[in-house]
Amino acid sequence: MFSLTVAAVVFGVVFLAELPDKTALAGLMLGTRYRASYVFAGVAAAFLVHVALAIAAGSVLTLLPQRVVQGVVGVLFLAGAAVLLFKKDDDAEEVRKPADQSFWKVSGAGFTMILVAEFGDLTQIMTANLAARYEDPVSVGIGAVLALWAVAGLGILGGRTLMKRVPLRLITKVAAGLMTLLAGFSLYEVVVG
């Protein structure tokens, strides 16, 4: 059953965590070189694959005893918050320009770039954690996919403008704070459980 509340929470957490990540920058780079709709098609498909893998991993976690799952989820959320707060800024990776500007070449470049760059990324791990926490793969999947698509769209269409208006450091701190809060809820359930 779909829960709008769960989807909204997941959207907020994943959106804030992904916004300062390399995806927005990669989308911006690709979007300035190629047709935006072609880039978005490839990037969106790659994120569908990532979320499906994360939901599958989160579903496996739900087979464990609930207290163990909550403890693992809590620790992983704390680790995610620490990664956000203490990571160094990465330089933009160079993207090889396809020989032609056809839909398949451009969307394929976007798909490949995101599939490789985001595999095992913080937001993929967070999505698995959220799937295990809420035991609602549909709501978590929809919230995560929409958040990732929103970040990609912002990066492709308006990344420069957004980053000029909202300090990246603030976005990172808000995302880390939300992850710490989710970690606290999970660990509280382990203790009180």
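Student: Hi! What does the secondary structure of the protein chain come to?
Tutor: The protein chain has eight helices and zero strands, where helices (H or I, at least four residues) and strands (E, at least two) are DSSP runs numbered from the N terminus. Starting at the N terminus, the elements read α-α-α-α-α-α-α-α. This is a predicted model, in which local features need pLDDT of at least 70, side-chain atom pairs count only at pLDDT 80 or more, and totals for chains, interfaces and linings use all residues. Residues are numbered from 1 along each chain as its sequence is written, and side-chain values use heavy atoms, with hydrogens and water left out.

Student: Thanks. How much of the protein chain do buried residues make up?
Tutor: Of the 193 residues in the protein chain, 45% are buried. Buried means under 20% relative accessible area, exposed means over 50%, and partly exposed is in between (1.4 Å probe, protein chains only).

Student: And what share of the contacts with a separation of 6 or more comes from residues 24 or more positions apart?
Tutor: That share is 93% in the protein chain. A contact here means heavy atoms within 4.5 Å.

Student: Let's talk helix packing. At what angle do α1 and α6 pack?
Tutor: The angle is about 160°, and the axes are 10 Å apart. Therefore α1 is roughly antiparallel to α6. For the terms, axes are lines fitted to C-alpha atoms, for helices over the stretch in contact, and angles run from 0 to 180 degrees between N-to-C directions. Angles under 35 degrees count as roughly parallel, over 145 as roughly antiparallel, 65 to 115 as roughly perpendicular and the rest as oblique.

Student: Which residues in α1 and α6 meet?
Tutor: From α1 there are Val6, Val9, Val10, Val13, Val14, Ala17 and Glu18, and they meet Thr123, Met126, Thr127, Leu130 and Tyr134 in α6. By class, the contact of α1 with α6 has nine nonpolar, two polar and one charged residues. Ala, Val, Leu, Ile, Met, Phe, Trp, Tyr, Cys and Pro count as nonpolar, Asp, Glu, Lys and Arg as charged, and the others, Gly among them, as polar.

Student: OK, how about α3 and α6, at what angle do they cross?
Tutor: The axes of helix α3 (residues 36-61) and helix α6 (residues 122-134) cross at roughly 40° and come within 7 Å. The two helices are therefore oblique to each other. The crossing of α3 and α6 is right-handed. Residues making the contact include His50, Leu53 and Ala57 of α3 and Gln124, Thr127 and Ala131 of α6. In class terms, the contact of α3 with α6 has nine nonpolar, four polar and no charged residues.

Student: You mentioned His50. Why does His50 count as buried?
Tutor: His50 counts as buried because its relative accessibility is 3%. The side chain of His50 makes a polar contact with the side chain of Gln124 at 3.1 Å. A polar contact is a pair of N or O atoms within 3.5 Å; within protein, one must be able to donate a hydrogen and the other to accept it, and residues adjacent in sequence count only if both atoms are side-chain atoms. Not counting residues up to four places away in sequence, His50 touches Ile114, Leu115, Glu118, Phe119 and Gln124.

Student: Switching topic: where is Ser139 found?
Tutor: Ser139 is in helix α7. Its relative accessible area is 0%, so Ser139 is buried. The side chain of Ser139 reaches the backbone nitrogen of Ser3 at 2.6 Å, and a polar contact of 2.6 Å joins the side chains of Ser139 and Asp136.

Student: Last one, what phi does Glu135 have?
Tutor: Glu135 has a positive phi of about 50°, although it is not a glycine. Most residues other than glycine have a negative phi. Glu135 is found in the loop between α6 and α7 (137-165).

Conventions:
A crossing is left-handed if the near helix is turned anticlockwise from the far one by less than a right angle, and right-handed if clockwise.
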